[in-house]
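Here are a few notes to read alongside the model.

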Amino acid sequence: MPKALLTRWTSAARSDVSLEGVTGRFFDGEGGLRLDVGLSSDNAAGTLILHHADLPAGVQYWPLEAIRALQDQARADQLVLTLADMEAVDAGLITTARLSLTDPAAIALVQRLAPNLNKRDVKRGTGRKIITYLGGAVAAVVLMVFVILPGLANQLAPLIPIEREVAWGKTVVNQMGRFLGDGQSDLVCEDPAGLGALREMEDRLTGVDGLGYEIEITVFDIPLVNAFAAPGGQIVLTRGLIEAAPDADAVAGVLAHEIGHVDARDVTRNALRVAGTAGLLSMALGDFAGGAVAVGVAQAMIDSSYSREAETEADAFALQMLDEAGVSAMGFSKFFGILGEQESQMGFEIPQYLRTHPVTEARAEAARVFADAQGLTSLVLSASDWSALKGICD
Amino acid sequence: MCRQGYSSSHLSGRYFGQSGPLFWLYIRTSLLTLVTLGIYRFWAKTRIRKYIWSATAGGEDSFEYTGTGLEKFLGFLVAIVILAIFLGLLNILLVFAGLNVMGAFDGTGSELAQIAVIYANLLALLPLMLFAAYRARRYKLARTRWRGLRFGMDNGAWGYVLRALGYYLLVVLSLGILTPLATFRLEKYMIDRTWYGDARMAQDGKWTALYGGMKHLAIALVILVGGGAAAIMMEAETLGAIAFFVGYIWFLVGAIYYRVYAFNYMMRNRVLDGVVTFDAQAETGRVITIFIIGMLALIGASIAGAIVLAIIGSIFGAAIVSPQVISNPELLLTNTGGLIVAGILLGVFYIGFILALGGVNLVMITQKVIAHVVNSVTVANAPHLDQIQQRAADTGADAEGFADALDIGGAI
């Protein structure tokens, strides 16, 4: 082993170097015993040489290009070295042996001679591994959100006893009333003549067969144009909707649509599905700045895709129901026209993938085509009943 | 050159970390986490740990953290899949049960029932969180080295879950009186499964000894209950408020006192390989001082941040909302460029501000407490450490993925 005794490393950039009197603290990675080793370099062979009587044959050779320094270290007064090891399973591809240098000259020497000191080694196939894992995780989450949870919700929803669902629906309607009424207690319209007209419309639509549910329709005294179905046959219309409707047939169309939701138990199924996906999404996407927004957007997109499907089915159900009751679907179609105008007045259009209802124009068109093909129809309410319904909130 | 054993039989813990470098490391890694939509957080945590571990030394030799961000990321992906299935099914079944069995949502009791569902959810997650806590500790030990030798921990997460649930139940049923039993036995369970190289750690001592650490909690309770009762009897609201305030503060201090006391006691009764013993002299007063100074720093930083935010806001506010705009509000919409610049500036400042607070917290509180605790530990019979041999590598399995997915474990 060549061991040129030069004064200091500065005088021998390209020559072999021995650091006289300088030691490094060496742990062989097998035992806890520390060896204070002497150091020299052999530039021709490209090695750092560790000397100690207790080492096998008194020396250990460290190839300069295999030497790595530990990263993100707190102490500036020491440099901890190790060797690259592509087979290491519990560390960043390094061996278990450690050599700590505190002598500034020794540190400077190693920093100058070891070409890959701060190299980040990456195992072959790492990229493929990441893609495989990432793909697997995404596939599992997608499968859960779009197949398993909705399927389970569909299976479970019919198992809930109807009286429970009805009680739940009533709570939801009460809460909605409190929320929309801004604390006002009496939001429910109760004009007897109006309620009678509403009952008549309902009977005409549901016919003699009726539904699995007892339908209970509530009208809220608010200007907002809206209608929704709560669980257990609870349906809410607003004064704004009745006022905006061109005729009783239009209201009947909306009502038939909501009855469609009731018949399909959409709200209950949706509640179960959302309960399943919410916790899952917040775990998969949460836990970083902006995570809550990401969860919200993802939830909205998933919801809208399910709602659009449900809305389309409820529309089809409504048209069928109108037809069986002998009511023209033209009123339903006209009502979409009015909604479309309101939307265009807002000055922008919500993109299809973020909206819960299918685009209004298409729905109006579908209802108009259906109405054209209908046979003999009659008005759903007499003129006097229609004016009674319009006065339900008076 | 000779074999270099320890001349002294004692070895002191020393902490070399500094505020500046760790603060900037935190800011740099947090920014990377932000721009990678959170994916870098596994690497960020790993780098912070590397810093803190390497700042910790036993005698002359530094500790080392050998975990990698990549394995944490992959472990997280695995955990996500398992938890996604479990959580999705659990939540849907809980709501179903809530609607079906418990009579939830019916009229008056509905809010109560909803709360019950939320708690049932948490309760169902508790075993998983305990499982994750044990696995996280095992992973951290498996990735810790000192003098080139690995630490390690035996597999035993489910045993820990069962015991922890049992002891927590006892604590709740005894109104907290059995807290020392839970603290001692659960820590003993983990310590008795801990290894350094081929040397096993053992926890001696008695759980009843921890009652000494409960004294300030007991005093706080006396103040709260006694003061409250006296206030009610004498109908003195001020007295009640004072008793509540003093009792509350005393309780917080008492909780820190208990943790420090328990740490010292457990450390002093720990033996490695039947030979090497430990001592710890952590001080409650010092820890509380660190907390108070850290809190003041955080408050100061918040005030400074709010002032800068207000200045930016007012400058842009003045520029955008000129007199013409006030008379004609539609002009506001025409000045979109100004609005966008102001928005971006405020957003950037806000993010920087939040990151800075996190950094101050890490540097002023977390690191200072670690420094104090490390410096308080000494090891006796250290020469025996020379004879300890390496242990086999632990692949780490989920690499803490469950803890990351369930968001437990805090800053480091």
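1. First, a definition to keep in mind: a residue is buried if 20 or more other C-beta atoms lie within 10 Å of its own, exposed if 12 or fewer, and partly exposed in between, with C-beta atoms placed from the backbone. Is A:Val369 buried or exposed? A:Val369 counts as exposed because it has 12 C-beta neighbours inside 10 Å.

2. Some housekeeping. This is a predicted model, in which local features need pLDDT of at least 70 and side-chain atom pairs count only at pLDDT 80 or more, while totals for chains, interfaces and linings use all residues. Residues are numbered from 1 along each chain as its sequence is written, and chains are lettered from A and ligands numbered from 1 in the order in which they are written.

3. A:Val369 is found in helix H10 of chain A (helices, H or I of at least four residues, and strands, E of at least two, are DSSP runs numbered from the N terminus). The 14 residues of H10(A), 360–373, reach 20 Å from the first C-alpha to the last, close to the 20 Å expected at 1.5 Å a residue (that is, 1.5 Å times one less than the number of residues).

4. A:Thr360, A:Arg363, A:Ala367, A:Phe370 and A:Ala371 of H10(A) are buried. Seen down the axis of H10(A), the buried residues fall within an arc of 100°, so they line one face (the arc is that of the directions from the helix axis to the C-beta atoms). The face turned away from the buried side of H10(A) carries the exposed residues A:Val369, A:Asp372 and A:Ala373.

5. Over in chain B, the axes of helices H5 (157–173) and H6 (179–191) come within 9 Å and cross at roughly 170° (axes are lines fitted to C-alpha atoms, for helices over the stretch in contact, and angles run from 0 to 180 degrees between N-to-C directions).

6. Two backbone angles deserve a look. Phi of A:Arg265 is near 55°, a positive value in a residue other than glycine; A:Arg265 lies in the loop between H6 and H7 of chain A and counts as buried because it has 23 C-beta neighbours inside 10 Å. B:Asn381, also not a glycine, has a positive phi of about 60°. With 18 other C-beta atoms within 10 Å, B:Asn381 is partly exposed.
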